[in-house]
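Thanks for coming. Let's walk through how two chains meet. Have a look at this.

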Protein chains: 2
Amino acid sequence: MDNALNIKIKEIKEGSISISGSSGLKRNEMLVKIKNALIEKKEEIFLANQEDLTRAENNKLRTPLIKRLVFTEEKLSSVCEGIDKLVKLEDPVGKVLSRRLLDEKLLLEKVAFPIGVICMIFEARPDALVQISTLCLKSGNAILLKGGSDAISTNRTLVSIIKETLENSKIGSSWIQLLETHQDVEDILKMEKDIDLIIPRGSNKFVRYIMENTKIPVIGHSDGLCTIYVDHNADVNLANQICYDSKTNYPAACNSVETILVNQEVASSFLTTFAKNKDIIIYGDKKVQEIISCEEADEDSFDKEYLDKKVAIKIVKDIEEALKHIQKHSSHHTEAIITSDNKNKLRFAKEVDSADVFINCSTRFADGFRFGLGAEVGISTGKIHCRGPVGLEGLMTSKWLLQGCGQTVSSYSNGKKFIHEEMPTKGASYILKEN
Amino acid sequence: MDNALNIKIKEIKEGSISISGSSGLKRNEMLVKIKNALIEKKEEIFLANQEDLTRAENNKLRTPLIKRLVFTEEKLSSVCEGIDKLVKLEDPVGKVLSRRLLDEKLLLEKVAFPIGVICMIFEARPDALVQISTLCLKSGNAILLKGGSDAISTNRTLVSIIKETLENSKIGSSWIQLLETHQDVEDILKMEKDIDLIIPRGSNKFVRYIMENTKIPVIGHSDGLCTIYVDHNADVNLANQICYDSKTNYPAACNSVETILVNQEVASSFLTTFAKNKDIIIYGDKKVQEIISCEEADEDSFDKEYLDKKVAIKIVKDIEEALKHIQKHSSHHTEAIITSDNKNKLRFAKEVDSADVFINCSTRFADGFRFGLGAEVGISTGKIHCRGPVGLEGLMTSKWLLQGCGQTVSSYSNGKKFIHEEMPTKGASYILKEN
């Protein structure tokens with residue numbers, strides 16, 4: 001393995017201890033310092049970004065990618081706003097998750113702690129680098145960053161500004177490290193003893209590659225094959241509005257709808273209305289084609305993420321058939337039902353095994369900001385640790401703290417009983433209090 | 001792959017849907033039915049157990065293994081007691097974890113749901129089979145059981161009694177399946193699309209094998225190299241009591257102490273007292289050997305799980321050296337400090353990266369029953385999902401339920417604001433209510 005990488009890993013493990021043990025006050029103070037440094041040194045950042053942009057233009061990068069790559073005054077003020085919001089959020093470190101008096105003077109607390117060393121792999125978007133680093137600083141985690149290589153100059157400048165700002169502080173600057181090569185990522189995937197969590201972003205194919213090639217836990221989602229089921233008694237106008245929004249509000253998003261299942265009872269009225277949306281290309285099964293004119297759906301149409309203004313539609317007999325279809329084809333991201341039938345609503349909510357299950361609203365609501373999570377770490381389609389849009393709590397683990405005054409277990413073997421008294425979890429840890 | 005296994009997997013996936021959608025009332029009712037059936041058919045169970053015991057004796061199984069294998073009237077009444085306790089526990093399914101009004105008539109709830117299909121691999125202990133199955137029934141999870149092959153006759157009988165009891169109920173009996181061969185386990189390890197979680201028990205080597213050979217999430221712990229640090233101002237009698245209990249209360253347990261680090265300031269008084277425990281074999285470093293007569297500790301002594309009345313002792317300069325030692329050698333299970341120094345207590349609690357961090361009490365307290373978790377699923381040394389002793393919540397994931405009345409995201413793009421009003425989480429889900 002690359003020696004430079006080894007040094008970074010050694011440094012970040014030390015950094016992880018110092019940042020995880022730091023106070024929320026100190027971490028907030030550093031967040032404000034970083035914000036000020038970014039503003040103060042913005043010309044330096046813009047200059048580095050210009051280098052990236054020139055290279056990108058020479059390499060004939062596509063316009064949407066250049067749009068993400070550019071770091072403007074506007075993007076700077078948006079990341080600064082993000083930092084302000086983070087500062088205001090409750091400190092996630094040390095939050096008491098449960099508190100129980102096991103016996104007199106034997107207090108148990110389950111307390112939230114940072115996970116440790118997190119590796120985030122993301123697109124060539126310099127603003128994302130700032131968001132990710134500050135999320136980790138807020139939550140006391142050390143962060144290994146690997147941004148898209150098109151943004152390398154801007155990323156280097158941003159990381160060096162953050163590092164300089166914290167260099168002489170108590171927290172230090174070892175907790176943040178920048179990876180630069182694909183080989184670094186390949187090496188990281190094998191370091192399950194050193195890296196606690198990987199959060200990859202990017203194409204479905206890339207995320208799936210990461211998930212399939214590491215033993216390190218991964219938070220993320222590779223697919224977003226979302227379905228809407230329009231139930232037998234659905235309000236057809238409502239269904240049409242929701243389906244239109246779910247498909248067209250941002251077709252390339254993972255939470256846009258890719259399949260619509262329509263109950264046969266409302267199929268005719270729903271389809272004739274929905275087909276008026278001429279900006280959407282419909283792939284319909286045979287029964288759909290009997291009602292409206294559309295493209296022909298084949299075997300694969302219901303397993304495809306179009307990420308475009310295209311949608312596959314199938315007519316189903318009842319909720320039973322809809323649930324079976326979802327069970328077979330869903331990527332467990334977001335599914336919605338449009339219904340006025342309380343029994344079917346309940347059944348759908350209980351039986352659909354997806355991160356987000358929505359009733360009578362757009363699949364596009366599946367998002368940390370809209371959910372009001374304060375900060376979004378990512379969206380997880382896994383069932384373990386966190387699921388759906390993930391806030392800061394996704395970057396936290398816990399420790400069981402038990403404080404006694406000499407208690408032994410053998411005395412309880414001899415008939416002494418535990419009290420096991422549940423206590424309210426409000427307020428800071430009793431065990432971690434300074435005095 | 002074995003066709004019989006394929007059929008079981010297909011069945012259990014269907015069973016998983018029916019059990020996860022069932023009501024807590026129904027699941028409790030079934031728990032009571034199972035308890036009654038076990039009592040009613042106890043002679044059948046004892047007879048099957050006799051078969052296992054005869055085979056075990058012929059195979060010259062060691063006495064402690066036979067003790068675990070035997071299923072007596074006493075063990076029956078203990079598992080029945082366990083079922084009674086489970087019935088009394090709050091229903092973990094549908095518990096509201098967070099509740100937020102995103103906007104008028106747009107309610108978000110994060111609700112606990114069963115993880116799905118869980119595979120538990122465990123020792124030849126028939127009582128464990130009942131405990132595990134009933135834990136899964138209580139939490140709405142489907143369970144693939146693989147018990148030690150020495151218990152095969154008893155296990156078959158127990159599973160068939162449970163299956164018969166539920167056969168004609170709404171929940172049905174597909175949610176519980178018994179695996180019988182090692183090849184089944186090998187095949188299961190590759191089924192990451194069908195199995196949501198594996199909980200292995202058994203030898204460290206076996207658990208490590210499972211962890212290293214599957215992409216399915218695993219809850220468990222392979223190692224338990226626990227450490228006690230006796231600080232500079234520790235009460236030496238207290239330290240002696242705690243260390244003795246941590247080593248001798250049950251030396252083969254994962255939470256028994258394997259390494260004691262003693263601050264040089266109290267080394268002499270602690271060691272001379274502790275060495276009086278003639279039932280413990282001490283492996284000491286050079287400095288320890290200058291104070292007491294003991295075995296010589298070598299390089300490996302501090303990386304060894306003795307699981308016996310043996311302990312490695314090292315003298316350290318200060319808490320700094322103790323923390324460094326723990327960081328290098330710990331298995332992140334349970335670490336304890338004996339101290340009267342508040343600053344060191346805090347530092348230890350914050351910087352030690354283990355599931356359980358104890359102050360002035362025995363490492364042997366690290367256990368779901370002693371922690372008062374109601375039911376113990378296992379102990380996890382992972383940081384993701386759950387850590388330390390794990391209760392029923394370890395078998396749960398969550399879904400985000402969002403209920404609206406036709407809301408689209410595009411209307412919020414046009415300036416409409418979210419309310420994001422936090423609401424108390426008390427009581428059952430508003431969205432999942434029956435009427």
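Phe358 of chain A stands opposite Leu402 of chain B, in β16(B). This is a predicted model, in which local features need pLDDT of at least 70, side-chain atom pairs count only at pLDDT 80 or more, and totals for chains, interfaces and linings use all residues. Residues are numbered from 1 along each chain as its sequence is written, with chains lettered from A and ligands numbered from 1 in the order in which they are written.

Back to the strands. Five bridges join β13(A) to β16(B), residues 396-407, and the two run parallel. Strands here are DSSP runs of E, at least two residues; helices are runs of H or I, at least four; both are numbered from the N terminus. Two strands pair if DSSP finds at least two bridges between them.

Now the sheet. It is open, with eleven strands and mixed pairing. The order is β10(A)-β9(A)-β11(A)-β8(A)-β7(A)-β12(A)-β13(A)-β16(B)-β2(B)-β1(B)-β17(B). Which are the edge strands? They are β10(A), 295-296, and β17(B), 421-422; each pairs on one side only.

Stay at β17(B). Two bridges join it to β1(B), residues 96-103, running antiparallel. Arg100(B) stands opposite Glu422(B) there.

Next, the contact. Chain A gives 60 residues and chain B gives 60. Residues touch if their C-beta atoms, placed from the backbone, lie within 7 Å. On the chain A side, the largest share is eleven residues, from β16(A). By class, that side has 27 nonpolar, 20 polar and 13 charged residues. Nonpolar covers Ala, Val, Leu, Ile, Met, Phe, Trp, Tyr, Cys and Pro; charged covers Asp, Glu, Lys and Arg; the others, Gly among them, are polar.

How values were computed. Contact = placed C-beta atoms within 7 Å.
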